[in-house]
Number of protein chains: 2
Amino acid sequence: MTIKNYMQTVGLRAREASQIIAAADTALKNQALHAIAEALQSNHNALLAANAIDMQNGRANGLDDALLDRLELTPERISAMIDGLKQVAELPDPIGNITDLQDRPSGIKLGKMRVPLGVVGIIYESRPNVTIDAASLCLKSGNATILRGGSEAIESNRAIATAIAQGLATAGLPESVVQIIDTTDRAAVGELITMTEYVDVIVPRGGKSLIARISAEARVPVIKHLDGNCHVYIDDKADLNKAIAIAVNAKTHRYGVCNAMESLLVAESVAASVLPALAARYAEHGVELRGCEKTCALIKAAKPAREEDWYEEYLAPILSIKIVAGLEQAIAHINHYSSKHTDAIVTEDADRAAQFMRQVDSSSVMVNASTRFADGFEYGLGAEIGISTDKIHARGPVGLEGLTSQKWVVYGDGQIRL
Amino acid sequence: MTIKNYMQTVGLRAREASQIIAAADTALKNQALHAIAEALQSNHNALLAANAIDMQNGRANGLDDALLDRLELTPERISAMIDGLKQVAELPDPIGNITDLQDRPSGIKLGKMRVPLGVVGIIYESRPNVTIDAASLCLKSGNATILRGGSEAIESNRAIATAIAQGLATAGLPESVVQIIDTTDRAAVGELITMTEYVDVIVPRGGKSLIARISAEARVPVIKHLDGNCHVYIDDKADLNKAIAIAVNAKTHRYGVCNAMESLLVAESVAASVLPALAARYAEHGVELRGCEKTCALIKAAKPAREEDWYEEYLAPILSIKIVAGLEQAIAHINHYSSKHTDAIVTEDADRAAQFMRQVDSSSVMVNASTRFADGFEYGLGAEIGISTDKIHARGPVGLEGLTSQKWVVYGDGQIRL
């Protein structure tokens, strides 16, 4: 069987399964999630054994330590996967909800019903736990899923797939509700992202280059998260204690995350009052500072920032700092350089806050809060399948609702168009 | 200047203008809409003169009568454009609305703000009034617009563009809020649909082949309306008087529209009671019937339907009819053959209606109402930019809200992540 034929078969099976899982009620979907959790538990040793093969092959192939760490399954990580399944089972089921009901002059009653997208393709890298995270969110939101993990995790993913299939069968659902692409051939990805007749949306999870490549080649719509070049702007009217707390937290709470601040903007009138204190705090954390000319004049430890620094997502203890004339220049800078992920203003002035919230074109905009709050759990989504920096469909953290759409429903009593 | 350079310039200007129109308040946008209406009125003669050139060229180039009819501007059509602008000014402005406010355990207040998409590219064929329809909806929803009309309408579109520019200038808005691509070179379309840095969404309006080609080649997300192969299913538990009224209306009210019924499904147990009466009504309207074997046995006038009939959007007085075992088979048939536009059930049984509404995967699903109601005006959207048969972002009639998205807004008081 060619890769194209194989993927067409996978796609057709997913399309058929999507109608069954779309019609499944909440109790059945939750039963399946719990059954998968139990299957993971009872397959615990098989999962560790399969992962050991991947780890051995990974070491033999010279994978670096960071990649091996992401690849590794431990008893704790398996427990976390099981807990995650149970948490998704607890989330409210969005499917079938009808909202915005209204009576129209024609006599029809009009509303919107929340429905699954259909078939979701997930493309990810080495972390095997994504297999469960993604499958559980898609299942709860009534979608069929096609999962394509990294080739280095193939044995782990096969073992997880076996547990998922057992759980689905226990619940009386077809195994094709969640399919894992059982080949490491890269041509399979090319097929997956162009099978518009079988796949409704692609969610890539992984590094910037993976996502950029998939976005460039996909024919299926992509919900993508490219990068997080997040800003905090300290306004003239900021409470400087809040400003310092937020700017320190947004940068130093965790470095390798997409909602960390990468660039700090400070209004000129308060720069001298706040930047030296901030620089001292950053020095304690070992954060390297790269500043504009005015910043370097105020802070001796700062190196000069180059143009490319303003675009950079460091994911590291490095921060670029720019002193701006005020709110307008801050908004213009953010809309030019930001990756449209998350940007925050610190100000006590409600009008300025409102202007920032309205005019900054990012998926999350914040006033007087750390950018680190841009997260599915913090937003109460329960879990997230990614953080979208796209403009259409879903922006920001994408939870169950981002994996759904709404269709129009019309209730009549024999109405015809006159 | 090459076409690529020209389009890059158009794109950059649109991106810049999008920030200005996104920040514009409702009064300013409505002022612009009224000023454009006045400019159309005062440029009335220039519009007719420009259109006369297009019509003359069209006749010289052998355009058929239907195309010439769509191309023609008359005093009545110009009045309709002016009325349309005033109606869009009356619509509520969705931009800036904040909904779903909630307090999170961290102390932040979370909500969603309705925002424009940014830059919308509209690609359409010969009807010059689309220039005004599309521009007005995009303007009211805070988007910058790039319009690409058919080459046969270039003089009319230039004249309309002049009026739009006058109106924008009167309101103090930059002319680049609405740009018309001022070349008939087809390469411009190729640039427009791939300039992902400058264009946020493409809305193609026109025939199936135009839309299919754009969807296949676009890198920018497309809100598309491919076709309307709409169904009515007459259930075992239908009120047969309602069934006849709806099936006649859905087919014969207008033939050339995407929400007309193209295929009728009838439950076997009621086929003999309802089909002969229906056939008589269709005969009065001169509708050609193409039926399955059982239908042909009941109705002598019906010709045998071929497999391709079930896929067909006739847009003509032709109807395919299939007798099905019951609800399940009707749903399966619709989900297989329908274009996911609009499908209706006629039944008095609430459970069957609910199953149909839930399981039929179309942008509008209806019970006891004519498919002809699937329309932006009937749904109270005021106007529509198209009817989407996509699964993500917007499904069904797309009005102002479909040209917007939501971003997350977070209000804190100095909260940091612990």
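Reader: What makes you say the copies meet through the same surface?

Author: 100% of the interface residues of chain A are also interface residues in chain B, so the copies meet through the same surface. Here, contact means that C-beta atoms, placed from the backbone, lie within 7 Å. By the way, this is a predicted model: local features need pLDDT of at least 70, side-chain atom pairs count only at pLDDT 80 or more, and totals for chains, interfaces and linings use all residues. Residues are numbered from 1 along each chain as its sequence is written, and chains are lettered from A, with ligands numbered from 1, in the order in which they are written.

Reader: How many residues does the contact take from each chain?

Author: It takes 55 residues from chain A and 55 residues from chain B. On the chain A side, the largest share, 11 residues, comes from β16(A).

Reader: Why is the relation of the chains that of a two-fold axis?

Author: Chain A can be laid on chain B by a turn of 180° and a shift of 0.0 Å along the axis, with an RMSD of 0.0 Å (least squares on C-alpha atoms of residues with pLDDT of at least 70 in both). That is the relation of a two-fold axis.

Reader: Why is α2(A) called oblique to α7(A)?

Author: These two helices of chain A pack at an angle of about 135°, with axes 7 Å apart. Angles under 35 degrees count as roughly parallel, over 145 as roughly antiparallel, 65 to 115 as roughly perpendicular and the rest as oblique. That makes α2(A) oblique to α7(A).

Technical notes. Axes fitted to C-alpha atoms, helices over the stretch in contact; angles between N-to-C directions. Helix = DSSP H or I, 4+ residues; strand = E, 2+ residues; numbered from the N terminus. Contact = placed C-beta atoms within 7 Å.
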